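Hi,

Here is the structure I promised to pass on.

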Amino acid sequence: CTAIFTRLASRDLHKPISILFCNLAVSDLFTSFSGFWISMLFITNPDITIFGSREMLAPYALYTTSILSTIYNLVSIGIERYLAVAESIRTRFRVARNHSIAVVFISWVLAFFLGCLPLMGWNCLHAERSASVLYSPFCVNYLIFIAMPNVLVAFLVPLFTYLRIIIILRRRKLRMQACGQATGTYQSAETQVARTSISIWLLALVSYAPFLAGVIFDAANRRCHTDLYPGVYIFRNCTAMLITITCLGNPVLYTLRLRTLGAKLKALRCLSANRGRACTI
């Protein structure tokens with residue numbers, strides 16, 4: 001909520017990246033709310049969170065939707081940062097405010113559609129043999145369908161985009177050195193982007209890798225709920241806590257460093273233009 005109010009109070013939502021940051025905070029808010037809802041159901045009736053019930057479909061669907069929206073936001077931010085840095089080199093495409101709004105709309109539509117599939121009928125309320133042990137009454141094949149591609153996207157796309165950003169900054173620094181110009185701004189920007197990107201990728205890895213491991217274990221396991229209690233469910237709760245930590249880490253990584261990162265990118269564009277003029281002369 002603090003991240004949302006900060007973005008709205010700054011009146012800076014005309015920038016594409018600010019819209020993505022604010023939407024990421026909304027996704028984190030939904031994740032926290034749905035996680036709190038599941039926790040309250042566990043406190044009032046622990047059995048339904050272990051053996052499954054129709055009452056768990058709605059909170060699990062909202063939880064899945066919010067996690068998917070967060071993943072799509074993280075991927076969108078990585079792509080937007082890459083386009084912002086690579087704008088003056090290989091692409092003439094510039095991300096505008098309308099593009100960010102369209103990305104936000106598409107992300108939520110896709111997240112709601114995939115997350116609400118169990119509410120539309122893809123559940124295992126009447127097919128206990130195919131039900132998930134960790135997230136009953138979700139079906140195991142639904143969890144595999146949702147978790148596998150989206151978690152891989154959350155790992156690979158940010159890794160590729162941020163590595164490309166670091167490579168572009170390093171190449172620009174070498175070209176600046178060849179032109180005999182100072183490279184202090186490039187060195188500082190390269191260090192900051194490298195630290196931020198590594199933190200983003202590690203946070204996603206630590207948050208979603210255990211969840212993916214739980215889904216794989218769920219698919220390979222055929223034992224009943226009581227045989228796995230309590231160790232496996234403690235692991236499930238720990239994965240939920242790690243995802244919640246992501247909701248706390250995202251504002252620190254994105255919102256609080258927005259001005260500094262924006263100033264660095266603006267300085268890089270100016271230096272890039274001056275470099276072109278100097279090399280031409």
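What follows is a short tour of some helix contacts and the cysteines.

First, some housekeeping: this is a predicted model, in which local features need pLDDT of at least 70, side-chain atom pairs count only at pLDDT 80 or more, and totals for chains, interfaces and linings use all residues. Residues are numbered from 1 along each chain as its sequence is written, and side-chain values use heavy atoms, with hydrogens and water left out.

Let's start with helix 2 (residues 16–44) and helix 5 (residues 97–115), which pack at about 20 degrees with their axes 8 Å apart. Helices here are DSSP runs (H or I, at least four residues), numbered from the N terminus. The axes are lines fitted to C-alpha atoms over the stretch in contact, and angles run from 0 to 180 degrees between N-to-C directions. Helix 2 and helix 5 are therefore roughly parallel (angles under 35 degrees count as that). Their crossing is right-handed, that is, the near helix is turned clockwise from the far one by less than a right angle. On the helix 2 side, the contact (heavy atoms within 4.5 Å) includes Pro16, Ile19 and Phe30, and on the helix 5 side Arg97, Ile101 and Trp108 are among the residues involved. By class, this contact has nine nonpolar residues, three polar and one charged. Nonpolar covers Ala, Val, Leu, Ile, Met, Phe, Trp, Tyr, Cys and Pro; charged covers Asp, Glu, Lys and Arg; the others, Gly among them, are polar.

Helix 5 also packs against helix 4 (residues 57–86), at about 145 degrees and with the axes 8 Å apart. This crossing is right-handed too. Among the residues in contact are Leu68 and Tyr72 of helix 4, and Phe112 and Gly115 of helix 5. Here there are nine nonpolar and six polar residues, and no charged ones.

Now the cysteines. How many disulfides does a search of the whole structure find? There is one, where a disulfide is a pair of cysteine sulfur atoms within 2.5 Å. Cysteine 124 and cysteine 139 form it, with their sulfur atoms 2.0 Å apart. The torsion about their S-S bond is about 125 degrees, so the disulfide is right-handed. Both cysteine 124 and cysteine 139 are buried (under 20% relative accessible area, with exposed over 50% and partly exposed in between, using a 1.4 Å probe and protein chains only). Cysteine 116 counts as buried at 18% relative accessibility, while cysteine 238 is partly exposed at 38%.

Cheers

Terms used. Helix = DSSP H or I, 4+ residues; strand = E, 2+ residues; numbered from the N terminus. Parallel < 35°, antiparallel > 145°, perpendicular 65-115°, else oblique.
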